[in-house]
Amino acid sequence: MSSHLKQREGSVKQITSHSNPIVKEIKGLVAQRKHRRESGLFVAEGLKLATDALDAGWKLRYLALGPEARENKIAMEAAAKAKARGTLILEVSTAVLSAITRRDNPQMVVGVYEQQVHTLKAVDPTGAKTWLCLDRIRDPGNLGTIIRTADAVGASGVVLIGDTTDPFSVETVRATMGSLFHMPLVRCTEEEFISFRSKWPGPVVGTHLRGNKDYREADYGEPVLLVMGNEQAGLSDPLADSCSQLVKIPQEGQADSLNLAIATAIMLFEVRRAHLKL
Ligand code: SAM
């Protein structure tokens, strides 16, 4: 055990066996949404994500360090910080890291974090700029990419409406590249969103292939709700009806529509452009 860790509060455990109960628990969190839902935990790989999470105040249940991490100054500083906050530090072999992450070349650090999801009560229009609202998003890679883009434009947060893919799946977390720890996430039903939206003081801009307005001509006055549709079905009729404007990104060629993550990026940067009056 490194002396860096020995000096602090909390505990450190060495694990080399794949059948250790904690290893089994982490594997379950990687593999199954059911385990993530029941425990309220999720797994994120990599040192950058661990430092992002610690800086943003997320709670870390376990931090698994491979042999390489135990020789790495930044990893050991992150581990010491986590340990001081009560995280159980796991010193594991590379083989255990591979088994946990199901990768041949695992990252040297793997964290198990407590999930943070809010209700619509957390969406305060005062001081908000842009909340991005996603109708029944299904694709984990799309969701991760969208959370990363929302972070990049300085959006206030992301609202997940209806039955969506799990924002805490390994694939989504990977695609967020750490932005998951910086973007507030809200979950609600379609009915809850429509009721909440009726009291929203600013524009509610829906994106729709049958939108009657060019997206460059819409009103994006702050605070704005930007509503994006499901990958297959687009925006549901009740959600489309609840929007104050329905906009379209003009297309050429034969493609029916744009990929959801691409359309969301175009929209978010247009909203940002409007807010910055560029
Ligand atoms: N078949 C679906 C439909 O009819 O709406 C296509 C859905 S599209 C793949 C997913 C979402 O991306 C849409 O609901 C919309 O929010 C957004 N989107 C894609 N292309 C768009 C465009 N040209 N204009 C506005 N929104 C678009």
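A polar backbone atom of Q232 lies 3.0 Å from a nitrogen atom of the ligand in this predicted model. The side chain of Q251 also takes part: one of its polar atoms is 2.7 Å from a ligand nitrogen. L258 contributes through its backbone, with an N or O atom 3.0 Å from a nitrogen atom of the ligand. Taken alone, the ligand exposes 560 Å². The protein buries 86% of that area. The ligand has 18 residues around it. Those that come nearest are T207, G229, I249, Q251 and L258.

Helix α9 spans residues 190–197. Its buried residues are E190, F193, F196 and R197. Viewed down the axis of α9, they fall within an arc of 130°, so they line one face of the helix. Several elements take part in covering these residues. Among them are the strands β6 (130–135), β7 (157–161) and β8 (185–188). The cover also includes β9 (204–207), β11 (224–228) and helix α10 (237–242).

Leaving aside residues up to four places away in sequence, T149 touches A265, L268 and F269.

Methods:
Residues numbered from 1 in each chain as written. Predicted model: local features only at pLDDT ≥ 70, side-chain atom pairs only at ≥ 80, totals over all residues. Heavy atoms only, no water. Buried < 20%, exposed > 50% of the residue type's maximum accessible area, 1.4 Å probe, protein only. Helix = DSSP H or I, 4+ residues; strand = E, 2+ residues; numbered from the N terminus. Arc of directions from axis to C-beta. Contact = heavy atoms within 4.5 Å. Near = heavy atom within 4 Å. Polar contact = N/O pair within 3.5 Å; in protein donor to acceptor, adjacent residues only side chain to side chain. Areas by Shrake-Rupley, 256 points an atom, 1.4 Å probe, with all protein chains shown as cover.
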